[in-house]
Amino acid sequence: MPLRRLSQAEYRNTIESLFGTGVTTTVRFPDEPLGPSTYGTPTQVSEVERDRFEQAGDEIATRVIASLSTIAPCDTGKGERACAEAFVSGFGARIFRRPVLAAEKDRLLAFYDGLRPAPISSSHSDAMQAVLSAMLQSPQFLYHWELGAQAPNVEGGLLRLGGYEIASRLSYFIWQTMPDDTLFMAAASGALETADGVVAQAERLLNDARASRMVLGMIGQWIGIAGLPALAKDSSVLTVTDPLRQAMNAEFEGFAKYALLDRGSYAELLTAPYSFVSAPLSAIYGTAAGSSTTPTKTTLSEGRMGIFSQSAFLALKALPQESSPVRRGKLVADRLLCREIPPPPPGFSPVPPPLQPGQQTREAYAEHSTNSTCKACHSQMDPLGFAFEHFDAVGRYRATEVGRPIDASGTVTDLDGKDVSFKDATELLPAIANSKEGQACMVSQVTRYALGRALGDFDQAALEQGLVDFQAARLDIRKLIPSLAKSKSFRYRIPDAGEIIQ
Amino acid sequence: MTITRRGLLQAIGASGALIPLLGTGEAHAGTSTPKRVLFVSWSNGYWMPAWRLSGTETSFTFGDILTPLEKLKSKVIVVDGLGQRVHYEANAGALGWGKDQWYGGHDGNPAVLTGVPLSKYADNLEQSGGDSVDQYIAAELAKTVSLPFQSLVVGPWSSGGYGGTVSYKGKSPGITPESDPFNLFKKIFQGRALPMGTFDKARATRKSVLDYLDKSLGQFSTRMGTDDKLRIQSHLDSIREIERQLGDPNITMACTAPDPGASFDTHDDVSNYPKALDLFGKLLVASFRCDLTRVATLTLSDAGGDNLVFSWLGSDFTGKGDEYPIRQYHDITHNAGKSADHTGRKIRVEQWFYEQIASIASQLDQTPEGTGTMLDNTLIVVTNTMGENHDSKVQPFVLIGNLGGYFKTGRSLKYPVTNGLGTAHNGILVAIANAMGVNGSAFGDPKYNQELPNLKA
């Protein structure tokens, strides 16, 4: 798999794990391309990234150097050089996320030694600051290295990952940050060399509050939650305020965490009758939003079920004035059914024609089902999006549009081999949640998120076993994740072309 | 060391207007006047009827979009009828595209300056098929001339990755443009104002860090596979480039660094975009004038330009869009043609971009050099990753300036378009390389490595 570097989020979380909550950098990193279907993290460090990592490393080192004795205590009675040595192999192992090799230690100490005498004449503190900054710019820190420090374990043409590699895979997958002390100890003891040992740690990580980063990271990418701060609608529809945006985000986070981690239920993610609402959401939910200022678990009516009937998805996947059956349907096809929709052809206009007086939104998309060029792809998206037509550009319920009843019916083709008709989302979503195709897609999504790469033949066994375990656990992702963690896909990797494996 | 570096920057900023620079490449280059090239590109194409000219090859009238070039008319060649033939002739399906069909539009980035189709399309993480011509020229020049910077790749409000760049080194996701002009200022001018022979501790420490990283990266990649080795090599190249730039200056030359002025937000507040672009222009002109580099690439937007709201063009350019919550560049582009107002906005935006380019060209044209001006030895290549119809089948080019008289300027040229697809645009890239004194026919797709006819003087 391609060498990846830490994403911005991983970088910031890792810095906090190393130096304490609140330690961060003011450096702005370049925007990262998100791999929408592999959840891939960025691979490259070119000049601008190098520059930003240098600035951030310098800034963080400057900031923490005064408290270095707290972060990495040292008996100064033994001399400054001894402290440098202790730091490099002690705290250094946390920065590198594995023991520091002898050659690496020698190189770091040679670097330290070079700073002390003339002409540079650094003090111990200045030299340590430079060492720290350099370690934060080191490849061992910046990359998701999966070439063990030691000789690789080759088994049947595959490479079995070592304990520290597994520890990092687990912690970045579930916590979006570096391993904690317990994981490091498990790596050191050899506990992560066995499937059972990996499962035990995966379960422990899942029971920690940081596991929410996995859920919010994955589902957040589905619905494009990062776009929420810029969400705006035509003023004739609704003026979207900051309190409303915050309430929408709180609803998304509260619900996704509860459904997937507290309840452990993929089915509830799609079909739960409840949500987590607060007063500002009355703009969308009416009185059902209640008067609480904090997100409160509440049963919703209006045919709302699951995360795809909630404000964030409905408002983000819509146009400024109208709903967007295409955007909503594409997301359902892509994320819930793993059906790849080819991109639009050259020369297309992505803008739907304006609604004519008396025309319903759905009717504006009629050409997609009659024009054969459009139809090939849109027949796979639009009907899935029509299911949500009871919800307008911001997600408010509507029984009628332009004085006529809403038609939210449609058919999802070839769901587990059958064409399934639905009257609206309340029939579509349970059909997907109950289908093998939907469940297998969720297994695939989680696996891609765990591995940060596209899947291949090598991963079929993990996907199949994952689906078996997922179904046996009544679609509990808290059981799916350990199942994936013990799979060969997670614990082994295929050697890269040209890689030296002896 | 951070504090020291900041202190140094403040010192430069405070009196930056008249600092003699050290360590420029002039002495390395001998006495001939250097030739430089600046590529300017952005996305979203043009409203082509307003970009096109009327008249004949030598007697023509600019359309609305190009009117800002009126004063420079005798130094311009407008090239119509080229297209990304390599892109459209490639087997799209084989490269991971869903069907045997290109999206066209925003996938023009990897081909516009490389002259080869992209090598991989996956999840918006596209990779080019080879060097872009700016990087090719830069690398070739570096074989004979040692300059502080082989090239500068910059762009306000730009981003890395998909659609965010047109510069590539080999098969790669592309060089992320520097989006902060103050960072660029630091990079190219910091440290060049130190008196000769001064020992600078911060600089020496920084060199030690880079040396350590250089060795670490080398060791880190020893067992890696081929592709990962290339990734680490790109990281290593960026370290070596800085190490090289920090090489002890031993040559003095009088050259004035521009004063960047007070800093401003270059990331979130897009109303600062004109100021940022203006500063980038000044810094690039200065880096040419001081011979710090001879190749630069300026990207004016990322793939969609979704963050670009042209509030400075008036109230008609703010407020809600037709398709997006805000009337931003992508929205303006998609909706051109819908009404006279919509089309008018698209034309005005493109015209504004050309006003900024004309400003850079004028700065060069107002600086005497040899028997003419800097513009006579500098070529500005203006293009776009798209043409019309959201694709790059016909892709516009404008050349401003000259490279020591290589081109016959003051002309409007049209090349044949067949079945909607323009003449391979490679020919103009080959010509630019040749004009820069680099072997153009070794560049890009061998099928199209002939210089475009009728450009030369």
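A:P119 sits in the loop between helix 6 (102–115) and helix 7 (124–136) of chain A, where helices are DSSP runs of H or I with at least four residues, numbered from the N terminus, and strands are runs of E with at least two. The peptide bond that leads from A:A118 into A:P119 is cis, with omega near 5°. This is a predicted model, in which local features need pLDDT of at least 70 and side-chain atom pairs count only at pLDDT 80 or more, while totals for chains, interfaces and linings use all residues. Residues are numbered from 1 along each chain as its sequence is written, chains are lettered from A and ligands numbered from 1 in the order in which they are written, and side-chain values use heavy atoms, with hydrogens and water left out.

**Salt bridges**

- Over all chains, a search of the whole structure finds 53 salt bridges, the term meaning a side-chain nitrogen of Lys or Arg within 4 Å of a carboxyl oxygen of Asp or Glu.
- In chain A, A:D181 and A:R94 form a salt bridge whose closest N and O atoms are 3.0 Å apart. Because A:D181 lies in helix 10 (residues 181–189) and A:R94 in helix 5 (residues 91–96), this pair ties together parts that are 87 residues apart in sequence.
- A:D181 is partly exposed at 48% relative accessibility, and A:R94 is also partly exposed, at 22%; here buried means under 20% relative accessible area, exposed means over 50%, and partly exposed lies in between, with a 1.4 Å probe and protein chains only.
- A:R398 and A:E389 meet through their side chains in a salt bridge of 3.1 Å, N to O. A:R398 counts as buried with a relative accessible area of 14%, and A:E389 is buried at 1%.
- In chain B, the salt bridge between B:R240 and B:D214 has its closest N and O atoms 2.9 Å apart. The pair links distant parts of the chain, with B:R240 in helix 9 (residues 226–245) and B:D214 in helix 8 (residues 201–220), 26 residues apart.
- B:R240 is partly exposed at 40% relative accessibility, whereas B:D214 is buried at 14%.
- Salt bridges that share partners also join A:R50, A:D51, A:R52, A:E54, B:E178 and B:R206 into one network.

**Helix 17 of chain A**

- Helix 17 (residues 325–336) of chain A has 12 residues and reaches 16 Å from its first C-alpha to its last, close to the 16 Å expected at 1.5 Å a residue, the expected span being 1.5 Å times one less than the number of residues.
- This helix is mostly covered, since 9 of its 12 residues are buried, among them A:P325, A:V326, A:L331 and A:L336.
- Just after helix 17, A:C338 takes a positive phi of about 55°.

**Other positive phi angles in chain A**

- A:Q176, which is not a glycine, has a positive phi of about 55°; A:Q176 lies in the loop between helix 9 (163–174) and helix 10 and is buried at 18% relative accessibility.
- A:L475, likewise a residue other than glycine, has a positive phi near 60°; A:L475 lies in the loop between helix 23 (460–472) and helix 24 (477–485) and is buried, with a relative accessible area of 10%.

- B:R85 is found in helix 4 (residues 85–89) of chain B and counts as buried at 17% relative accessibility.
- Apart from its neighbours within four places in sequence, B:R85 is in contact (heavy atoms within 4.5 Å) with B:T418, B:L421, B:G422, B:T423, B:A424 and B:Y448.
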